[in-house]
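Visitor: I would like to learn how to read a structure like this one. Please show it to me and take the features one at a time.

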Amino acid sequence: MDQKTTVGQFVTLEGAEGAGKSSLLVAIEDWLNDKGLVVTTTREPGGTALGEGLRGLLLDPDLSNVTPIAELAMMFAARAQHVSEVIKPALARGEWVVCDRFTDSSYAYQGSGRGIDASVIAAFERLMIQRFQPDITFLLDVPVDLGLKRAGEVGTPDRFEREQKDFFERVRAGFLDRAQTAPRIHVIDATNALSEVTGLALGHLDRFWQDLGQSNR
Ligand code: Z5A
């Protein structure tokens, strides 16, 4: 396919603790670069000076009594800045953007995990980012115990990593429910070896890429 016929696409990676998003992001970036595409990689919360500042507060284990709605508002403040300052400009330049987490995480963590009603999150989504959506999403699904074990092997626990197992069970269920409602979300069994997880995701990405070529003919 002639790469000049494609326009920038927005790819997001989702999943609970230790699912392997960071590892997959590198493989996707390499795959897209091999196609001759320009790729911007980024993450949430973060991706801008404001977003990284808010990330520091959101993950700070010493801030133990943040209310769920304040947490949600900070996630969306970071996201609004990120969409406007980084994501949309990169897409407008024809680049592909690969982002570690996006709005699906707010539905899973602040919605299913913290108990905020989905209609409240949808209202933030409308107000703050005008319902801007990814083009394709990979949801890395892993049982909570395995994810926590993997994540526990890296660094000291942040504010989210200090949550109890039942919180992460709700988050996992929330992600899987959401995947039922959006065809853009591809669920990948992340209990597999990293090479297999990568292969499954790149298979979906290749089909998505081929379909883009079809629609550009
Ligand atoms: N959050 C939120 O609440 N609401 C929102 O709207 C948003 C975010 C956007 C920060 O996210 C927190 O923000 C997050 C949710 C919340 N907290 N939690 N939980 P983050 O993405 O920065 O944090 P994270 O999810 O905790 O990252 P992570 O633990 O690093 O997960 P990962 O990126 O999916 O995993 P990884 O770093 O690629 O892998 C972890 C380890 O497992 C590493 O040693 C790998 O080598 C290993 N690994 C990975 N895959 C495999 C396989 N397949 N086999 C064996 N070993 C593996």
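Guide: A polar contact is a pair of N or O atoms within 3.5 Å; within protein, one must be able to donate a hydrogen and the other to accept it, and residues adjacent in sequence count only if both atoms are side-chain atoms. In this structure, a polar side-chain atom of serine 23 lies 2.8 Å from an oxygen atom of the ligand. This is a predicted model, in which local features need pLDDT of at least 70 and side-chain atom pairs count only at pLDDT 80 or more, while totals for chains, interfaces and linings use all residues. Residues are numbered from 1 along each chain as its sequence is written, and side-chain values use heavy atoms, with hydrogens and water left out.

Visitor: Which other residues have an N or O atom 3.2 Å or 3.0 Å from an oxygen atom of the ligand?

Guide: For alanine 19, a backbone N or O atom is 3.2 Å from a ligand oxygen. For arginine 79, an N or O atom of the side chain is 3.0 Å from a ligand oxygen. The protein covers 82% of the 1,100 Å² of accessible area that the ligand has on its own; such areas come from the Shrake-Rupley method with a 1.4 Å probe, and for residues only the protein chains shown count as cover.

Visitor: Which residues around the ligand come nearest?

Guide: A residue is near a molecule or strand if one of its heavy atoms lies within 4 Å of it. There are 29 residues around the ligand, and Glu17, Ser22, Arg55, Arg101 and Ser106 come nearest.

Visitor: Is serine 106 buried or exposed?

Guide: Buried means under 20% relative accessible area, exposed over 50%, and partly exposed in between, with a 1.4 Å probe and protein chains only. Serine 106 has 1% relative accessibility, so it counts as buried. Serine 106 lies in helix H4; helices (H or I, at least four residues) and strands (E, at least two) are DSSP runs, numbered from the N terminus. Contact means heavy atoms within 4.5 Å. Leaving aside neighbours within four places in sequence, serine 106 is in contact with Leu72, Met75, Phe76, Arg79, Gly111 and Ile121.

Visitor: Where does arginine 101 lie, and what is its phi?

Guide: Arginine 101 lies in the loop between E3 and H4. Its phi is near 80°, a positive value in a residue other than glycine. Arginine 101 has a relative accessible area of 13%, so it is buried. Arginine 131, which is not a glycine, also has a positive phi, about 60°. Arginine 131 is partly exposed, because its relative accessible area is 46%.

Visitor: Why do the buried residues of H2 line one face of the helix?

Guide: An α-helix has 3.6 residues a turn, so residues three or four places apart point the same way. In helix H2 (residues 49-59), the buried residues are Gly51, Leu54, Arg55, Leu58 and Leu59. They fall within an arc of 125° seen down the axis of H2, so they line one face of the helix. The arc is that of the directions from the helix axis to the C-beta atoms. These buried residues of H2 pack against strand E2 (39-43) and helix H3 (68-92).

Visitor: What does the side chain of histidine 82 make a polar contact with?

Guide: It pairs with the side chain of glutamate 44, at 2.8 Å. Histidine 82 is found in helix H3, and it is buried because its relative accessible area is 0%. Glutamate 44 is joined to proline 45 by a cis peptide bond, with omega about -10°. Proline 45 is in the loop between E2 and H2.

Visitor: Which residues touch the most other members of the largest nonpolar core?

Guide: A nonpolar core is a set of buried Ala, Val, Leu, Ile, Met, Phe, Trp, Tyr and Cys residues joined through side-chain atoms within 4.5 Å. The largest has 25 residues, of which Ile28, Leu32, Trp96, Phe138 and Leu205 touch the most other members. Helix H1 (21-34) and strand E4 (136-141) are among the elements that each supply at least two residues of this core. The largest share, 7 residues, comes from H8. A second, separate core has 17 residues, including Leu72, Ala90, Ile116 and Ala122.
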